[in-house]
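Colleague: Could you walk me through this model while I have it open? I would like to ask things as they come to mind.

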Amino acid sequence: MEHPENDEAYKGLVVNAGIEQPSIVNPYLRARTQFRRRELTANDYVEGILKGDVTILSRAVTLVESVLPQHHALAQEVIEKCLPYSGNSVRVGISGVPGAGKSTSIDVFGMHVLEEKGGKLAVLAIDPSSEKTKGSILGDKTRMEKLTLHPKSFIRPSPSAGSLGGVARKTRETIVLCEAAGYDKIFVETVGVGQSETAVHSMVDFFLLLQVAGTGDELQGIKRGIMEMADGIVINKCDGDNVERSNLAAGHFRNALHLFPVPDSGWTPKVLTYSGFYGLGIKEIWDMIYQYMDFVKANGYFQYRRNEQNKYWMYESINEHLRNSFYQNDTISKLLEIKEKQILEGQQTSFVAAKELLDIYYSEVLGTK
């Protein structure tokens, strides 16, 4: 292969080194990464929440959900300052079997009440967390297409994080923040039929149970104690060929309700059918909710129930504080690994290990033996 550049005729030519090429790394990257959001004080949070600032409200909810001890005191201060502005909303808990259409129903329920009644709506969805990875999808917004775009709605999914009581308490505190921000309608969606319904029932005014016909679930629904908590039962997917089955299932649930004692509220739960996909029967459901609210406010049960809920959450807060105090104790956290190893190797039973740990905790914290 010939190389003409080596020819004698070009001996006097010199190739310049050229321009130094700039670095492929952005020189301003380090300066930009050092930028941090301004830390907000409790007064900043409260002022933003009362103005209805969604960004500040979202940051306040994140602060409340934080497990870091340094965030706990600030979160409690924000909640206490928001308490005088809370309590003026209709709190609706929505539960049902998986696949009953909870998210789709919330979408049409929310759009209906915003268009008919006005005001603002907050949706608090409790999403199940993986037992292995501890992560959550938090994808409820994708199934609430209309509400997500509505300027008067606020949708906040929160992970269950494997701790029912802790997340339920934080959900209740989030309700306080949303009410202070001017949201007069609150939806609390649960992960499904199970233990979490008890916690959600203790923080809402009206508990709505969603069911689906034709799944063989009628008998299971009747057997479950969740029906005793329901203030209203609605059968979803009552459209097309499923209308007859939905009406039959509604009849079964009405008959089952006669077997239960009369609720403390004096209200007889109603059973309705609707179609969330086609938006049929939505008005009747909201009429039922507002009839219930008028009924319990007239007989005094509304305020009684809220007072009972406050008392219930006082005990739940005490239980959680004691639990955190135990596990965050330095001595206990060191001994836990030792006790776990002894139990796994069969050197000690779980009951004896638990008693020894509690005795040490009582001795160190309370000064008792």
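Colleague: Which ring does the charged end of lysine 297 sit over, and how far from the ring's centre?

Modeller: The charged end of lysine 297 sits over the ring of phenylalanine 302, 5.1 Å from its centre. A charge counts as sitting over a ring if NZ of Lys or CZ of Arg is within 6 Å of the ring centre and within 35 degrees of the ring normal. Before we go on, please keep in mind that this is a predicted model, in which local features need pLDDT of at least 70 and side-chain atom pairs count only at pLDDT 80 or more, while totals for chains, interfaces and linings use all residues. Residues are numbered from 1 along each chain as its sequence is written, and side-chain values use heavy atoms, with hydrogens and water left out.

Colleague: And what does the charged end of lysine 117 sit over?

Modeller: For lysine 117 the ring is that of tyrosine 290, and the charged end sits 4.7 Å from the centre of that ring.

Colleague: Staying with rings, how many aromatic pairs does the structure hold?

Modeller: There are 13 aromatic pairs in the structure. Rings of Phe, Tyr and Trp (for Trp, its six-membered ring) pair if their centres lie within 6.5 Å, and planes under 30 degrees apart count as stacked, over 60 as edge-to-face and the rest as tilted. In the pair of phenylalanine 109 and tyrosine 274, the ring centres are 5.5 Å apart and the planes stand at 40°, so this pair is tilted.

Colleague: Where do phenylalanine 109 and tyrosine 274 lie?

Modeller: Phenylalanine 109 lies in helix 5 (residues 102-117) and tyrosine 274 in the loop between strand 7 and helix 12 (282-299), so the pair ties together parts that are 165 residues apart in sequence. Helices (H or I, at least four residues) and strands (E, at least two) are DSSP runs, numbered from the N terminus. Phenylalanine 109 is buried at 3% relative accessible area, and tyrosine 274 is buried at 1%, where buried means under 20% relative accessible area, exposed over 50% and partly exposed in between, with a 1.4 Å probe and protein chains only.

Colleague: What about tyrosine 312 and tryptophan 313, how are their planes set?

Modeller: Their planes are at 90° and their ring centres 5.2 Å apart, so that pair is edge-to-face. Tyrosine 312 is partly exposed at 30% relative accessibility, whereas tryptophan 313 is buried at 4%. Elsewhere, ring pairs link Phe206, Trp267, Tyr292 and Phe295 into a cluster.

Colleague: Changing topic, how many cavities of 30 Å³ or more turn up in the whole structure?

Modeller: A search of the whole structure finds one, and about 30 Å³ of space lies in that largest cavity. On a 1 Å grid over the protein atoms alone, a cavity is a set of points where a 1.4 Å probe fits but cannot get out, a pocket is an open set with protein on both sides within 12 Å along at least five of seven lines, and lining residues have an atom within 4 Å of a point. Grid points are joined across faces, edges and corners, and a volume is the space filled by probe spheres set on the points.

Colleague: Which residues line the largest cavity?

Modeller: Val92, Ile94, Phe109, Phe187, Leu208, Ile285, Trp286 and Ile289 line it, and by class the lining has eight nonpolar, no polar and no charged residues. Here Ala, Val, Leu, Ile, Met, Phe, Trp, Tyr, Cys and Pro count as nonpolar, Asp, Glu, Lys and Arg as charged, and the others, Gly among them, as polar. Helix 12 gives the largest share of this lining, three residues.

Colleague: And how much space lies in the second largest pocket?

Modeller: That pocket holds about 700 Å³. It is lined by 29 residues, of which Glu228, Met229, Asp231, Pro263 and Asp264 are the closest to its centre. Helix 13 supplies the largest share of the lining, six residues, and the lining divides into 15 nonpolar, seven polar and seven charged residues.
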